[in-house]
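The following note sets out points for a colleague reading the model. Please consult the sequence and the structure alongside the text.

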Amino acid sequence: MNSRYIVEEGGRLNNYAIEPKMYVDSTSRTGFTEYAEKLNGRLAMIGFVSLLALEVITGHGVIGWISNL
C-alpha cells in the first residue's frame, strides 16, 4: 500500500488520514518591498513610454491632448 493511505479496521480505505502540512507565508507584499518597488518602476516606465507615444502620434502633450477633448 502507498504510505499516503491508511486502511481502517474492516478493510475500509481512509485516504483523508494524512493531513497536509500547514505553513504561513510571512513575506510582506505591501510597503517598500522589492516586489512593490519593481512593480512600481515597471508601471512608471510603461506610463512614460505611453506618454511619449501619445505626444508623437498626436503632436500635442498630455495637457494639450486633454484640453482638445
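1. Confidence. The protein chain has an average pLDDT of 81, and 87% of the residues score at least 70; pLDDT is the predictor's confidence in each residue, from 0 to 100. Confidence is lowest in strand E1 (residues 6-7), with a mean of 74, and highest in H1, at 92. Where pLDDT is low, the predicted coordinates should not be read in detail.

2. Basis of the values. This is a predicted model, in which local features need pLDDT of at least 70 and side-chain atom pairs count only at pLDDT 80 or more, while totals for chains, interfaces and linings use all residues. Residues are numbered from 1 along each chain as its sequence is written, and side-chain values use heavy atoms, with hydrogens and water left out.

3. Secondary structure. The protein chain contains two helices and two strands, in the sequence order β-β-α-α. Helices (H or I, at least four residues) and strands (E, at least two) are DSSP runs, numbered from the N terminus.

4. Of the 69 residues of the protein chain, 3% count as buried; buried means under 20% relative accessible area, exposed over 50%, and partly exposed in between (1.4 Å probe, protein chains only). The accessible surface comes to about 6700 Å², with 61% belonging to carbon and sulfur atoms. Accessible areas come from the Shrake-Rupley method with a 1.4 Å probe; for residues, only the protein chains shown count as cover.

5. Helix H1. With 25 residues, H1 reaches 36 Å from its first C-alpha to its last, close to the 36 Å expected at 1.5 Å a residue (the expected span is 1.5 Å times one less than the number of residues). Gly59 follows H1 and has a positive phi, near 85 degrees.

6. Salt bridge. The structure holds one salt bridge, defined as a side-chain nitrogen of Lys or Arg within 4 Å of a carboxyl oxygen of Asp or Glu. Lys38 pairs with Glu34, the closest N and O atoms being 3.3 Å apart. The two residues, Lys38 and Glu34, are four residues apart in helix H1 and so separated by about one helical turn. Lys38 is partly exposed at 44% relative accessibility, whereas Glu34 is exposed at 59%.

7. His60. His60 lies in the loop between helix H1 (34-58) and H2 and is partly exposed, at 39% relative accessibility. Leaving aside neighbours within four places in sequence, His60 is in contact (heavy atoms within 4.5 Å) with Leu54, Glu55, Trp65 and Asn68.

8. Nonpolar patch. Leu51, Val62, Ile63, Trp65, Ile66 and Leu69 form a nonpolar surface patch with about 630 Å² of accessible area together. Patches are made of residues with over 30% relative accessible area and no salt bridge: like charges are joined within 9 Å, nonpolar side chains (Val, Leu, Ile, Met, Phe, Trp, Tyr) within 5 Å. Helix H2 (residues 62-67) gives the most to the patch, with four residues. Leu69 is in the segment after H2 and is exposed, with a relative accessible area of 76%.
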